Amino acid sequence: MKLHGTSREISAEFLGTFTLMLIGLAVNAQVFLSEQSAGSFLSINIGWGLGVTFGVYVAGGVSGAHLNPAVTVALAMCRGFPWAKVVPYIIVQTLAAFAAAAVVYGTYFEALHAFEVAHGFPAAYAEAGRHAIETAGIFATYPQEFLSTYPGGLVDQIVGTAVLLLCIFALTDVRNLAPDPRLAPLMIGLIVTAVGLTFGFNCGYAINPARDFGPRVFTMFAGWGTDVFRANDYFWWVPIVGPLIGGVVGAVVYDALVTRHHPTAAEQPD
């Protein structure tokens, strides 16, 4: 049966987000479990940027390839994206991130087990089918020990996501210097790479509620338990609330300083 309308868009949004998350989580796993013998912080940022690029190519022509609830909410508030589609988009984005975490976990299961054994994590964990919280960061984001959940972590996520949305709005502004639509996915991927290279240290730059929450829920069921929600003074809410605020901030700032000052048709020179 061929899908139409919103169902078609949601299907594409799921696959685009899944593509993003599969590449992003896999590069996390490769670098972490190889102890940086098969990658580095730089390759993590490049991997996530490429994940976004290919995710946008997968879904962009059908769903708009939001791939991120912060993008969806900002577009609803500032670009007329239908509010009736916001919740369905966020649900499929989160489910896609959960599914991608499951695939990466299955692919890297033996490497994960070998890593935990090599580092002497309690044997009782393996016997009980549990994992140590130290490896949960492959899937969800956790802050540096020195960083407070609030306000430090929240500010970090607001700023990083504001930069993301401000630049996305610029790249899609046909009255500014928007690139050819076929190049836009690459440019958007470079934005994510840039955010990671500049704002990736404090909290791992989730800048996407689905990217963090979907895999975090997966880890809870896959052997890490509820510690993934209690860790770092209940940090889990920060990568949800911070990006939703930051996305709107970035969008509003761009519109206030650029969009609203574009000349009207009557003001255009002859």
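In the predicted model, the buried residues of helix α5, which spans residues 109–118, are Leu112, Phe115 and Glu116. Viewed down the axis of α5, these buried residues fall within an arc of 95° and so line one face of the helix. Glu110, Val117 and Ala118 are exposed on the other side of α5. The partners against which the buried residues of α5 pack are α1 (5–33), α4 (86–107) and α9 (209–224). Just after α5, Gly120 adopts a positive phi of about 70°.

Helix α9, one of the elements against which the buried residues of α5 pack, also contains Phe218. With a relative accessible area of 10%, Phe218 is buried, because residues under 20% are counted in that class. When its neighbours within four places in sequence are left aside, Phe218 is in contact with Phe98, Ala101, Ala102 and Tyr105. Phe218 and Cys167 are 51 residues apart along the chain, and their C-alpha atoms are separated by 31 Å.

Two packed helices are described by the angle between their axes and the distance between the axes. Helix α3 (residues 69–78) packs with helix α7 (residues 149–171) at an angle of about 55°, the axes being 11 Å apart. The two helices α3 and α7 are therefore oblique to each other, and α3 passes α7 in a right-handed crossing. On the α3 side, the contact is made by Ala70, Val71, Ala74, Leu75 and Cys78, and on the α7 side by Thr161, Leu165, Ile168 and Phe169. Classified by residue type, this contact of α3 with α7 has 8 nonpolar residues, 1 polar residue and no charged residues.

Helix α3 also packs with helix α11 (residues 238–257), in this case at an angle of about 40° and with the axes 8 Å apart. This arrangement makes α3 oblique to α11. The crossing in which α3 passes α11 is right-handed. From α3, the contact is made by Pro69, Ala70, Val73, Ala74, Met77 and Cys78, while α11 contributes Pro243, Leu244, Gly247, Val248, Ala251, Val252 and Asp255. By class, the contact of α3 with α11 has 11 nonpolar residues, 1 polar residue and 1 charged residue.

For the remaining pair, α7 and α11, the packing angle is about 40° and the axes are 6 Å apart. The helices α7 and α11 are therefore oblique to each other, and α7 passes α11 in a right-handed crossing. The contact of α7 with α11 has 16 nonpolar, 8 polar and 1 charged residues.

Backbone geometry was considered next. Most residues other than glycine have a negative phi, and most peptide bonds are trans. A cis peptide bond joins Tyr150 and Pro151, with omega about 10°. Pro151 is found in helix α7, the helix that packs with both α3 and α11.

Positive phi values were also found in residues other than glycine. Gln36 has a phi near 65° and lies in the loop between α1 and α2. At 55% relative accessibility, Gln36 counts as exposed, since the exposed class comprises values over 50%. Asn232, which is likewise not a glycine, has a positive phi of about 50°. This residue, Asn232, lies in helix α10 (residues 227–234) and, at 25% relative accessibility, counts as partly exposed.

Leu50 is located in helix α2, which covers residues 41–63. Its relative accessible area of 37% makes Leu50 partly exposed. Leu50 and Ile158 are 108 residues apart in sequence, and the distance between them in space is 23 Å, C-alpha to C-alpha.

Definitions and conventions. Residues numbered from 1 in each chain as written. Predicted model: local features only at pLDDT ≥ 70, side-chain atom pairs only at ≥ 80, totals over all residues. Heavy atoms only, no water. Helix = DSSP H or I, 4+ residues; strand = E, 2+ residues; numbered from the N terminus. Buried < 20%, exposed > 50% of the residue type's maximum accessible area, 1.4 Å probe, protein only. Axes fitted to C-alpha atoms, helices over the stretch in contact; angles between N-to-C directions. Parallel < 35°, antiparallel > 145°, perpendicular 65-115°, else oblique. Left-handed = near helix turned anticlockwise from the far one by under 90°. Contact = heavy atoms within 4.5 Å. Nonpolar A, V, L, I, M, F, W, Y, C, P; charged D, E, K, R; others polar. Arc of directions from axis to C-beta.
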